Amino acid sequence: MNTKITELLKIKHPIIQAPMFLVSNVTMVTEAMKGGIAGCIPALNYRTLEELRTAIKQLNINKIEGGSFGFNLIVNKSNIKYKDQLRVICEEGCDFIITSLGSPEETINQAHKVGIKVFCDVVDLKFAKKVEGLGADAVIAVNNEAGGHRGNATPENLIKELVANCNIPIISAGGVGCKADIDEMISYGAEGVSVGSPFIASIEASVTDEYKQACVDYGANDIVMTERISGTPCTVINTPYVQKIGTKQTWLESVLNKNKKLKKWVKMIRFSIGMNATKNAATKATYKTVWVAGPSIQHTTKILPTKDIISRLVN
């Protein structure tokens with residue numbers, strides 16, 4: 001299937017293996033490239049800049065024709081490592097950067113200087129037009145079926161609105177777990193799809209077998225929204241622990257979030273606490289299971305190698 005995204009990234013299939021906190025890694029993305037798709041890793045998956053630099057070097061060594069790789073940057077003030085991460089990525093080189101949760105202006109300016117393309121997460125037309133005006137190469141249209149931080153619009157409504165009003169390619173994010181889902185997104189006008197949750201239950205994923213098995217055992221009806229992770233609504237599997245702690249922010253957080261001076265700091269603290277909880281659940285044997293996933297785990301029936309998940313998506 002040839003689209004503007006396969007041409008832009010020089011890949012065989014119009015699929016980006018979405019960047020997932022704690023899940024994505026060099027091995028997974030290498031397998032993605034072997035399968036003819038693009039792979040992406042959150043820069044925050046690396047504690048130090050040297051670890052990030054080493055990962056980029058290894059991916060450049062592993063890169064093969066028909067595949068490509070990139071990194072995701074959180075570009076708001078909650079990520080104090082952002083500017084240094086951007087510098088290292090631009091120094092070492094990759095095919096693309098996906099920006100999230102903030103203004104991509106600096107990223108676009110710096111990345112384009114070294115030939116790196118920039119795709120920007122958006123949830124509505126307003127932000128899509130804004131990033132297009134800043135020079136983004138494509139937008140990632142995050143719909144209401146996405147895992148993690150999601151939008152509010154349905155895939156069909158969001159894609160069609162962006163296609164009708166934007167002049168850059170639209171990549172749909174959310175609700176893709178099989179070939180029929182990809183065909184549906186393309187029929188709405190998307191030039192490609194970003195797929196995350198189905199790859200959590202891959203052999204290569206950097207999470208516990210318990211997390212992977214949860215994506216097999218639970219389904220679309222078990223996904224709920226929580227405000228307890230990053231301060232921004234996020235989809236997680238509705239485990240007994242999630243049911244116990246609830247999905248709404250505390251009364252104190254609600255009050256503080258209404259204070260313009262304190263809001264940023266409250267969000268940063270909640271982000272730090274939530275990320276630590278998510279990390280512990282994903283990497284350790286713990287009853288505090290806060291497992292991020294989207295409804296597309298409905299199609300996950302067993303833990304498989306990345307190459308087999310790609311085959312399910314393209315055949």
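Which residues have the most contacts inside the largest nonpolar core? In this predicted model, that core comprises 38 residues, and those with the most contacts inside it are Phe71, Ile89 and Leu162. Helix 4 (residues 82-92) supplies the largest share of this core, namely five residues. A second, separate core is made up of 37 residues, including Ile200, Cys215, Ile223 and Trp291. In soluble globular proteins, nonpolar side chains tend to be buried together.

Strand 6 (residues 138-142) pairs with strand 8 in the parallel sense, over four bridges.

Strand 8 spans residues 170-173, and both of its faces are covered. In a regular strand the side chains alternate between the two faces of the sheet. Accordingly, Ile170 and Ser172 lie on one side of strand 8, Ile171 and Ala173 lie on the other, and all of them are buried. Strand 8 also pairs with strand 9 (residues 192-195), again in the parallel sense, over three bridges. Within this pairing, Ala173 has Ser194 of strand 9 as its bridge partner.

Three strands form an open sheet in the order 7-11-10. Strand 7 (148-149) and strand 10 (223-226) are the edge strands, each pairing on one side only. Strand 10 is joined to strand 11 (residues 234-237) by four bridges, and the two run antiparallel. Val224 has Val236 of strand 11 as its bridge partner. Ile223, a member of the second core, falls within the residue range of strand 10.

A search of the whole structure finds zero disulfides. A disulfide is a covalent bond between the sulfur atoms of two cysteines. Cys215, which belongs to the second core, has a relative accessible area of 0% and is therefore buried. Cys234 has a relative accessibility of 3%, so this residue likewise counts as buried, the threshold being under 20%.

Technical notes: Residues numbered from 1 in each chain as written. Predicted model: local features only at pLDDT ≥ 70, side-chain atom pairs only at ≥ 80, totals over all residues. Heavy atoms only, no water. Buried < 20%, exposed > 50% of the residue type's maximum accessible area, 1.4 Å probe, protein only. Pairing = 2+ DSSP bridges. Disulfide = S-S within 2.5 Å. Core = buried A, V, L, I, M, F, W, Y, C linked by side-chain atoms within 4.5 Å.
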